[in-house]
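Hi,

Here's the structure I promised to pass on. Have a look, and my notes on the ligand site follow below.

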Amino acid sequence: MTHVAFLGLGAIGTPMARHLAAPEFTLAVWNRTASKAEAFGAEFGSRVATSPADAAKGAAVVITCLPTSKEVETLLDGPDGLLVTMARGTVLVDCTSGDPASSQRIAKRLHDHGIGFLDAPVSGGVAGAEIGTLTVMVGGDAGLLERVMPVIDAFGEKIIHCGPIGAGHAVKAVNQALLSLHIWGLGEGLLALSKAGVAPQVALDVINGSSGRSNVSQNLFTQRVVGRAFPRTFRLALMDKDIKIAAQLLREQGVPSPLLQMMTELTSAAHRALGEEADHVEMVKYIEQIAGSEIV
Ligand code: NDP
């Protein structure tokens with residue numbers, strides 16, 4: 001049995017951690033708001049840790065799933081920090097959609113303590129996490145990934161080694177930039193079609209059978225925009241953070257990126273207008289606000 005600690009029972013962390021509450025693992029969970037960890041422990045019989053250090057006690061693999069790399073970095077230090085109890089030879093698998101530079105810094109610090117690090121952000125949404133079909137993009141040592149594969153495999157379906165430390169976060173950021181672009185582009189397009197007298201479901205039927213289709217058109221818009229139901233599964237605030245990481249990556253690599261830089265500004269404007277708790281698909285409401293009409 002592999003001892004695993006899971007830190008961060010948010011919208012995606014919770015369904016991911018559920019797959020580790022299985023006979024092959026012994027699981028300890030920690031969450032900043034303790035009530036969520038207590039509820040998880042009561043439902044799945046996992047050990048409820050009182051601090052990051054307590055969670056990591058005896059764990060071979062520690063998984064973090066927090067908003068940004070900043071929160072992950074903060075959990076390392078202090079009397080309750082991970083570095084107090086994580087032993088040499090153990091591995092931190094960071095499933096946060098973080099940024100490459102922070103991951104490289106975190107990996108270096110852990111390396112000095114004999115601890116391995118992989119950045120392993122996920123894609124597939126809450127629905128994919130629930131059924132254990134997430135795509136996991138991994139940066140770091142390939143041998144280390146082999147070692148922790150049974151743990152990642154519990155919640156991941158497509159697990160891809162992308163390159164050195166930070167590569168997983170870089171790929172994830174570009175993916176998220178594309179997500180934002182698709183939402184904005186389809187939002188504008190459907191709004192114009194709606195004004196021209198084409199119902200959104202009709203437009204989506206055509207697009208989904210044509211070359212402009214995407215996950216956004218096939219799933220997100222069909223489920224949420226047509227029915228005007230916007231469940232919160234992935235906060236717009238987090239997508240705003242992701243696209244900024246992508247924009248930074250493109251700047252650092254010296255790639256001219258007028259489209260992505262503009263999309264970063266639009267995503268941030270939508271985030272400011274709709275607030276911290278809005279779902280990412282609600283960005284469509286911001287497009288509607290600017291246009292002064294709705295997709296109907
Ligand atoms: P949520 O906002 O739902 O949850 C965030 C989690 O981080 C909570 O457990 C929260 O604790 C914890 N947290 C926040 N701030 C701190 C802090 N300062 N110290 C310790 N813990 C903290 O986010 P998600 O679960 O949606 O996302 C987590 C990561 O996964 C993000 O990087 C996101 O971009 C990524 N992701 C999310 C997807 C989704 O569909 N939701 C899909 C793919 C990736 P508390 O309960 O106390 O608030």
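**Ligand site**

A backbone N or O atom of Ala-11 is 2.9 Å from a ligand oxygen, which counts as a polar contact (a pair of N or O atoms within 3.5 Å). On its own the ligand has 900 Å² of accessible area, and the protein covers 86% of that (Shrake-Rupley, 1.4 Å probe).

Before you set anything up: this is a predicted model, where local features need pLDDT of at least 70 and side-chain atom pairs 80 or more, while totals for chains, interfaces and linings use all residues. Numbering runs from 1 along each chain as its sequence is written, and side-chain values use heavy atoms, without hydrogens or water.

The shell has 26 residues (a heavy atom within 4 Å of the ligand), with Asn-31, Thr-33, Lys-36, Pro-67 and Thr-233 the closest. Both domain 1 (2-164) and domain 2 (170-291) contribute to that shell, so the ligand lies between them (bounds from an automatic or database assignment).

Cheers

Methods:
A polar contact is a pair of N or O atoms within 3.5 Å; within protein, one must be able to donate a hydrogen and the other to accept it, and residues adjacent in sequence count only if both atoms are side-chain atoms.
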